[in-house]
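Subject: Structure handover

Hello,

Here is the structure you are taking over. My notes on it follow below.

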Amino acid sequence: MTDPREQAAASLPNAEIPNTQIPGVYHRRIGDMVVSAISDGYLDGNLEVLINVDRSEAERLLGEAFRPLPGRRTSVNTFVVRAPGQPAVVIDAGSGTYLFDTAGQQQKNLAAAGIDAKDIGAVLLTHMHPDHAGGLLDPDTKALLFPNAELVVHEKELAHWLDEGEYAKIAGNPMHERFFGCAREQVTPYLGQTRPFTAGEVMPGIHAIDCPGHTPGHSSFLITSGNESLLIWGDTVHVPEVQVALPETGVTYDIDPAGAIATRRRIFDMAASERLLVAGLHLHFPAFSWLKRQGAGYALVPEAWDQAFRPAP
Ligand SMILES: [Zn+2]
C-alpha cells in the first residue's frame with residue numbers, strides 16, 4: 001500500500017528557488033506622513049577608501065558585525081516622503097548608470113512601490129555625488145526621469161560642482177573628473193526647475209540641516225510630523241560599522257575631511273542626545289535606526305520591522 005501523503009507529494013511541482021530579492025521598498029510612518037525607503041541597490045568596494053583608521057581595526061569591526069570581508073558592501077538608499085494633500089517628494093536619485101549594475105535600481109523599485117516618477121513634485125538632494133544625483137536623467141535619451149519635479153539642492157552644492165575654477169583644481173584626477181562629469185550632466189538640464197536653499201524648511205515638514213565636509217553643500221533633512229521625527233543624515237557614514245564606532249574615520253572622497261569629521265560628531269551627538277530616529281543613504285536597507293553612545297564612540301540599533309504600520313485612516 002502506498003502512503004497517501006507520498007502520493008500527494010509526488011503530484012506537486014518542485015519548489016522554485018528564488019534567485020533575486022523582493023523589491024527593496026519599506027514604509028515607515030512619521031506622524032501623518034509616510035517615509036518609504038526605496039533601495040537603489042548596493043555597491044561593493046574595498047577598504048582603501050577609509051582614511052584616519054587602521055585597516056586591521058576596520059576589518060576587525062566589520063568581522064565582528066558579520067559583514068562580508070574583504071572589503072565592504074554599501075547599501076545605496078533613496079527615500080520617498082508622502083504627506084496628506086501634497087505631491088510625493090523624493091530624497092536623492094540613486095546612481096543611475098554611473099557605477100555598478102548592482103545599483104541604479106531606484107526607478108524599478110519606485111515602480112514596484114506603485115509610484116510614478118512623473119508624479120513626483122520635488123527631488124531633494126543631500127549632495128551631488130554620482131550615487132545620489134546619478135538617477136535624475138537617462139544619459140542616453142537625456143529624458144528627465146522626474147520631469148515634473150522641482151530640484152531642491154543646497155546653493156553651495158550647485159556652486160561647487162558647476163564652477164569652472166573648482167573643476168580646474170581637480171582636472172587630471174579621473175575619479176574627481178567622473179564626479180564632476182556626472183553632477184553636471186545630471187543637474188544642468190534641471191536648472192530651469194531648480195530651487196537652491198541654504199537652510200531651514202525646504203518643503204512642508206522637512207528642514208534642511210547644513211552638514212558641510214563630505215561636500216560643500218552636503219545636507220541632512222529632518223522630517224517632522226506631529227510628535228514624531230526622522231533625521232535623514234545623508235552621507236554622515238559610508239561604512240556604518242566602522243564610522244559609528246570610530247567617528248574620526250573618513251573616506252577619500254570627503255572634500256574637506258576635517259569638516260566631515262566635525263559634522264559627523266555634531267550629527268551623532270544630536271541623534272544620540274535627542275533620541276532621534278535616523279536613516280542614512282548608506283545605512284543597511286531599510287536604514288531606519290537609533291543611535292546610542294558606546295565607549296568612546298557610538299553604536300547603531302536598527303529599528304525592528306514596523307509591524308504597527310497602518311495606512312492613513
Ligand atoms: Zn554617497
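Two strands are said to pair if DSSP finds at least two bridges between them; strands (E, at least two residues) and helices (H or I, at least four) are DSSP runs, numbered from the N terminus. This is a predicted model, in which local features need pLDDT of at least 70 and side-chain atom pairs count only at pLDDT 80 or more, while totals for chains, interfaces and linings use all residues. Residues are numbered from 1 along each chain as its sequence is written, and side-chain values use heavy atoms, with hydrogens and water left out.

The sheet. Seven strands form an open sheet with mixed pairing, in the order β1-β2-β4-β5-β6-β7-β8. Its edge strands, β1 (25–30) and β8, each pair on one side only. From one strand to the next the twist averages 25° (axes are lines fitted to C-alpha atoms, for helices over the stretch in contact, and angles run from 0 to 180 degrees between N-to-C directions). Six antiparallel bridges connect β1 with β2 (residues 33–45), and Val25 stands opposite Ile38 of β2.

Helix α5. This helix packs on the sheet, where it touches β7 and β8 (contact means heavy atoms within 4.5 Å), and its direction makes about 90° with that of β7. Within α5 (residues 155–162), Glu157, Leu158, His160 and Trp161 are buried; buried means under 20% relative accessible area with a 1.4 Å probe, protein chains only. Seen down the helix axis, the buried residues fall within an arc of 165°, so they line one face of α5; the arc is that of the directions from the axis to the C-beta atoms. Among the elements covering them are β7 (150–154), α6 (164–170), α7 (174–187) and β8 (194–197).

The zinc site. Asp131 (OD), His132 (NE2), Asp235 (OD) and His282 (NE2) are the protein donors of the zinc ion, 2.1 to 2.2 Å from it. Donors are N, O and S atoms within 2.8 Å of the metal (3.2 Å for Na, K and Ca); water is not among the atoms, so sites may look incomplete. Along the chain the donors follow the spacing D-H-x102-D-x46-H. His132 in α4 (residues 130–133) and Asp235 in the loop between β12 (228–232) and α8 (240–245) are 103 residues apart, a pair that links distant parts of the chain. His132 counts as buried at 1% relative accessibility, and Asp235 is buried at 3%.

The hairpin. Strands β9 (residues 200–203) and β10 (residues 206–210) run antiparallel, joined by three bridges. Gly200 stands opposite Ala208 in β10. Two residues lie between these strands, and Gly205 takes a positive phi near 80°.

Regards

Methods
Buried < 20%, exposed > 50% of the residue type's maximum accessible area, 1.4 Å probe, protein only.
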